[in-house]
Amino acid sequence: METLHKLEEVQKMLSFLESRDLSSNHDSDRFLANFLLFMAQPCGVSMERKFRLIAENLPKISSAVLEAQLLVPADCPQVSADPPATLNVKHGKEYRSLKSSVEDEAMVGLEAMQRANSTLEDFCRSYFMFHGMDACNPQSVFRFLPVLSFTESYIYQLDNFNEELLHLRLEVTSTDRTLPNSNDTHKMLEGNQELAKKFLELFKTDPFGPLSLLLERLGLLTERIKAELSDGTEYWELERKLCHALTSKTEISVEDVIRAIHLKSFDYRVLNLLLYELRSQQVNDLHMEFLLVSEFLVEISDDLFDYEDDVVENNFNILRMFVGLYGASMAPSMLAKFIAEAEAKYESLSKRLDPNLSSNYWRRCEEATEEGGKSSGHALGTWNIPPVIADEDSYRKRILPSEPTD
């Protein structure tokens, strides 16, 4: 009897559609009739609100994403319990598999999550205020933490791979010059080069594809977030290019260096844009512009603090790059000029912010500088450029322990 009643209701709706000249073909008409009957069901939400919800959210869901979601079993794990292995070049451990990173699952390992933790804490304490949120309120933090934490951890997982690739290239370059010409040496070089090729392939096959698909399924992927993720891929490409050029003593371009330092904080911008989407709020372009300049200055401050470590590990560092561009004697003064220009823009934009927000953010920058033990940073108004390392190869030989010989 209930089935018969439902068929009668569908038939009435089909007749209604035909009377309003909304009929197209049998299958489409039945779908539309069932949909309208569903919309008419009482659920405590007005019809106007129902249609507004559909208009707001349906464009965020593509047919491909919905079909893929419906085909995935409910008990299918979204994140593998077997995290990707971490390569340790110094101790000769082999990287087990890149499978988890090149297939269509977004996956992260524990090490990436641990590395992401400090960034997430800083993001909450520094950026929540721009959303009118209290980072000391557990409800504010944990409400959005799963998406923010997974996204940042995924980015760090890729960053781990990129760092290993930089270390591999550095080892291949230095080993080629220092070890004797033997069969063992050639085997080691060939093994490292093969592993380097695998990592390079990873970054050529849309490394953010699985994460983008996940965010799209959640209705969070916007064009701006896509652009920032693309910037992340470009940053890693530039980092590999520039750091390889420094270790191989080849020329680098100022355009590449400036582009890389501006792209470096892409993960903060991804998190910030995600927070706007999670809260269903419009992006505040003034805040984004101000934070872009602030991120730029913070990256320079971090690079100055980490300069010696970045030389040893062959990481991108603005002072390293300026030494490569202008030489050891000119690099500090050129960098100081570069910083002054950015600080002037920072001051100009900060005056356009709400005074309370500007003051709170300034205090947060001071706290972060003190907590990090840094003696350089725009929050305190002083900069300390460390002594320049003119000969990076010699410096690494002094710092790094010698490999034991059998």
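Is Phe 208 buried or exposed? In this predicted model, Phe 208 has a relative accessible area of 3%, and because residues under 20% count as buried, Phe 208 is classed as buried.

The protein chain has 18 helices and zero strands. Of its 406 residues, 41% count as buried, and the chain exposes about 23,000 Å², of which carbon and sulfur atoms supply 53%. When contacts between residues at least 6 apart in sequence are considered, 73% of them join residues at least 24 apart.

Along the way, α6 bends by about 30° at Asn 117. The buried residues of α6 are Ala 112, Ala 116, Thr 119, Leu 120, Phe 123, Cys 124, Ser 126 and Tyr 127. Helix α12, made up of the 13 residues 266–278, reaches 18 Å from its first C-alpha to its last, which is close to the 18 Å expected. Because 12 of the 13 residues of α12 are buried, this helix is largely enclosed by the rest of the structure. Just after α12, Ser 280 takes a positive phi of about 55°.

A search of the whole structure finds 17 aromatic pairs. In one of them, the rings of Tyr 154 and Phe 208 have their centres 6.3 Å apart and their planes at 40°, so the pair is tilted. Tyr 154 lies in helix α7 (residues 138–178), whereas Phe 208 lies in the loop between α8 (183–204) and α9 (209–217), so the pair ties together parts that are 54 residues apart in sequence. Tyr 154 is buried, with a relative accessible area of 3%, and Phe 208 is buried with a relative accessible area of 3% as well.

A further pair is formed by Phe 290 and Tyr 346, whose ring centres are 5.0 Å apart and whose planes meet at 35°, so this pair too is tilted.

At 2% relative accessibility, Asp 303 counts as buried. Leaving aside residues up to four places away in sequence, Asp 303 touches Ile 261, Lys 264, Asp 310, Phe 316, Asn 317 and Ile 318.

The cysteines complete the tour. A search of the whole structure finds zero disulfides. Cys 124, which was listed among the buried residues of α6, has a relative accessible area of 9%, and Cys 365 likewise counts as buried at 9% relative accessibility.

Definitions and conventions:
Residues numbered from 1 in each chain as written. Predicted model: local features only at pLDDT ≥ 70, side-chain atom pairs only at ≥ 80, totals over all residues. Heavy atoms only, no water. Bend = angle between axes of the 7 residues up to and from the residue. Helix = DSSP H or I, 4+ residues; strand = E, 2+ residues; numbered from the N terminus. Buried < 20%, exposed > 50% of the residue type's maximum accessible area, 1.4 Å probe, protein only. Contact = heavy atoms within 4.5 Å. Phe/Tyr/Trp six-rings, centres within 6.5 Å; stacked < 30°, edge-to-face > 60°. Disulfide = S-S within 2.5 Å. Areas by Shrake-Rupley, 256 points an atom, 1.4 Å probe, with all protein chains shown as cover. Expected span 1.5 Å × (residues − 1).
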